[in-house]
Amino acid sequence: MIAERKLFESKKKLAMGLAADVAAYLSNAITDRGKALLAVSGGTTPTLFFNFLARAKIDWAHVTVTLVDERCVPETDERSNAKLVRENLLEANAAAAKFVPLFGKGNADKLGPFDVVILGMGNDGHTASFFPGGDHLAEALELEGSKRILTMSAPGVPEKRLTFTLPVLLDSGFLALHIEGAEKQKTLATAEGPGPVKDMPIRAVLRAREPVVLYWCP
């Protein structure tokens with residue numbers, strides 16, 4: 001469920017606000033447990049947010065960063081989420097953080113629970129790699145499921161994906177949904193209405209009892 005809606009007038013202000021909130025949660029986790037675990041999404045939307053978060057003054061040496069989902073491509077590929085994170089988040093102060101990729105030998109399945117999870121959403125209503133028509137969609141959304149990471153292939157999606165499953169992502173101290181633009185606002189409004197989860201898998205997150213904070217700007 002969306003517990004709070006944080007609306008910003010520009011992409012820069014959203015990126016700054018989200019970065020400040022995430023940094024605060026990570027810092028609190030480090031204070032409480034001596035470490036923090038962050039899962040981020042790929043795509044073009046989070047780049048500016050990554051740039052601001054990378055400069056946050058927290059103890060990055062005690063932060064582990066991983067991905068919500070990933071394409072099954074090497075990090076040299078321009079479509080690699082790991083490449084995006086390494087080039088835009090794991091710099092400046094955040095260069096001291098540990099990064100655990102999903103694709104390859106990173107043992108990401110052993111991570112958790114997360115302190116912070118940042119989700120995005122596509123115009124088709126997907127989040128993470130929960131795609132409409134995905135071959136393992138039902139299993140990925142099963143709240144009582146035991147799998148932590150699954151592969152996902154779907155119509156119109158070029159590469160096979162890896163994704164953390166819904167219960168793993170929901171088991172987070174802070175869960176945010178970061179979207180931008182009028183088209184995605186319209187998609188979200190549709191997803192908040194009635195309809196099958198399989199048609200717009202973001203509904204599985206919106207209808208869960210765990211609170212989600214929305215970050216949006218035009």
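Author: Gladly! This is a predicted model, and we can begin with the second largest pocket, whose volume is about 160 Å³.

Reader: Which residues line the second largest pocket?

Author: Its lining is made up of R33, K35, A36, L37, T64, K98, K110, L111, G112, P113 and D115. By class, that lining holds 5 charged, 4 nonpolar and 2 polar residues.

Reader: What should I know about the peptide bond from G112 to P113?

Author: Here is the general idea: most peptide bonds are trans, and most residues other than glycine have a negative phi. The bond from G112 to P113 is cis, with omega near -5 degrees. P113 sits in the loop between strand 5 (98-100) and strand 6 (114-119).

Reader: And where is N107, and what is its phi?

Author: N107 belongs to the loop between strand 5 and strand 6, and its phi is positive, near 55 degrees. A128 also has a positive phi, about 50 degrees, though it is not a glycine; it lies in the loop between strand 6 and helix 4 (137-140).

Reader: Is A128 buried or exposed?

Author: A128 counts as buried because its relative accessibility is 6%, under the 20% cut-off. N107, at 49%, counts as partly exposed.

Reader: How much space lies in the largest pocket, please?

Author: About 550 Å³. Of its 28 lining residues, G42, G43, T44, R71 and N81 are the closest to the centre. Helix 3 gives the largest share of the lining, 4 residues. By class, this lining has 13 polar, 8 charged and 7 nonpolar residues.

How values were computed
Residues are numbered from 1 along each chain as its sequence is written. This is a predicted model: local features need pLDDT of at least 70, side-chain atom pairs count only at pLDDT 80 or more; totals for chains, interfaces and linings use all residues. Side-chain values use heavy atoms; hydrogens and water are left out. Helices (H or I, at least four residues) and strands (E, at least two) are DSSP runs, numbered from the N terminus. Buried means under 20% relative accessible area, exposed over 50%, partly exposed in between (1.4 Å probe, protein chains only). On a 1 Å grid over the protein atoms alone, a cavity is a set of points where a 1.4 Å probe fits but cannot get out, and a pocket is an open set with protein on both sides within 12 Å along at least five of seven lines; lining residues have an atom within 4 Å of a point. Grid points are joined across faces, edges and corners, and a volume is the space filled by probe spheres set on the points. Ala, Val, Leu, Ile, Met, Phe, Trp, Tyr, Cys and Pro count as nonpolar, Asp, Glu, Lys and Arg as charged, and the others, Gly among them, as polar.
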